[in-house]
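Subject: Handing over the structure

Hi,

Here is the structure I said I would pass on to you.

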Amino acid sequence: MATYRQVGRLLGISARLSRPLAGSGCQSFGFHCLSPSTGVKNRPQHPLWVVPGRNMFVQTQDTPNPNSLKFLPGRIVLESGTMNFAGPRDAYCSPLARQLFRIDGVKSILLGPDFITVTKSDANTEWKVIKPDVFAAIMDFFTSGLPVVSEDSKPNADTAPSDDDDEVVAMIKELLDTRIRPTVQEDGGDVLYRGFEDGVVKLKLQGSCTSCPSSIITLKNGIQNMLQFYVPEVESVEQVKEEEEEAAQA
């Protein structure tokens, strides 16, 4: 049962979230990832791909990152949240990710509720070479009946509320979970909360956002603007990179 302190905090958050956005919706913040060449959102969706003899359809969707492609298998991938695999060594808990990493040229994988973002090694590796193998791997996996991840593995819970959160942190997490992450996931990426200190929100970009040419635009013009609009205590947003996290944990 919620305590008086928790109820009061939730009422405060609700009041602040009820503030109307300036302009029309999230896009007034330049929130979607932008195409580095045109400055406009560019996420064309390709027709269904079908492998003869298999009753499964997989769609692909471009992302703002030319090295990342979003695959839509037409079924649930994760029940909730996302899981990122920066390399084969991280994929021990996911049979699906392990299968995809067997494909030459695959650098990283992000699993979402209904999508799989595959990032290739570099621009020299062509999608027309990798795509058929990725399609085959996805279809083989989902017809095998294996679990996407092992039972003891859970998606990221970085924005889960905690009794230790003050009102500002709770507000930041609420915005990330309900307004920011769903939009970033549409572009095949994700953003994780990594802390709030001295007015600075620390976030980690994943999936198509990791090496996207427009990721800084998304971070500063999109995410930072939205957080500052609702939470005046936020002064800036900074990206936490993989190597920085590893150094902090060492």
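This is a predicted model: local features need pLDDT of at least 70, side-chain atom pairs count only at pLDDT 80 or more; totals for chains, interfaces and linings use all residues.

I started with strand E6, residues 116–120. With 5 of its 5 residues buried, E6 is largely enclosed by the rest of the structure. Both of its faces are covered: Ile116, Val118 and Lys120 are buried on one side, and Thr117 and Thr119 are buried on the other. E6 also has strand partners. Strand E5 (residues 106–111) pairs with E6 in the antiparallel sense over 5 bridges, and Ile109 stands opposite Val118 in E6. E5 and E6 form a hairpin, with 4 residues between them. The pairing of E3 with E6 is antiparallel too, over 4 bridges, and here Lys70 stands opposite Thr117.

Next, have a look at Thr63, in the loop between strand E2 (57–62) and strand E3 (68–72). Is Thr63 buried or exposed? Its relative accessibility is 8%, and buried means under 20%, so Thr63 counts as buried. The side chain of Thr63 reaches the backbone oxygen of Asn65 at 2.9 Å. A polar atom of that side chain also lies 3.0 Å from the backbone oxygen of Ser68. Leaving out residues up to four places away in sequence, Thr63 touches Ser68, Leu69, Lys70, Asp187 and Ser208.

There is also an open sheet of 3 strands, in the order E7-E8-E9 and with mixed pairing. Its edge strands are E7 (189–197) and E9 (236–239), each of which pairs on one side only. From one strand to the next, the twist averages 30°. E7 and strand E8 (residues 200–207) pair in the antiparallel sense over 8 bridges, with Val191 opposite Leu205 in E8. Helix H4 (residues 167–186) lies across E7 and E8 and runs at about 165° to E7.

Finally, the cysteines. How many disulfides does the structure hold? The count is 0. Among the cysteines, Cys93 is buried, with a relative accessible area of 8%, and Cys209 is buried as well, at 3%.

Best wishes

Methods
Residues are numbered from 1 along each chain as its sequence is written. Side-chain values use heavy atoms; hydrogens and water are left out. A disulfide is a pair of cysteine sulfur atoms within 2.5 Å. Buried means under 20% relative accessible area, exposed over 50%, partly exposed in between (1.4 Å probe, protein chains only). Two strands pair if DSSP finds at least two bridges between them. Helices (H or I, at least four residues) and strands (E, at least two) are DSSP runs, numbered from the N terminus. Axes are lines fitted to C-alpha atoms, for helices over the stretch in contact, and angles run from 0 to 180 degrees between N-to-C directions. Contact means heavy atoms within 4.5 Å. A polar contact is a pair of N or O atoms within 3.5 Å; within protein, one must be able to donate a hydrogen and the other to accept it, and residues adjacent in sequence count only if both atoms are side-chain atoms.
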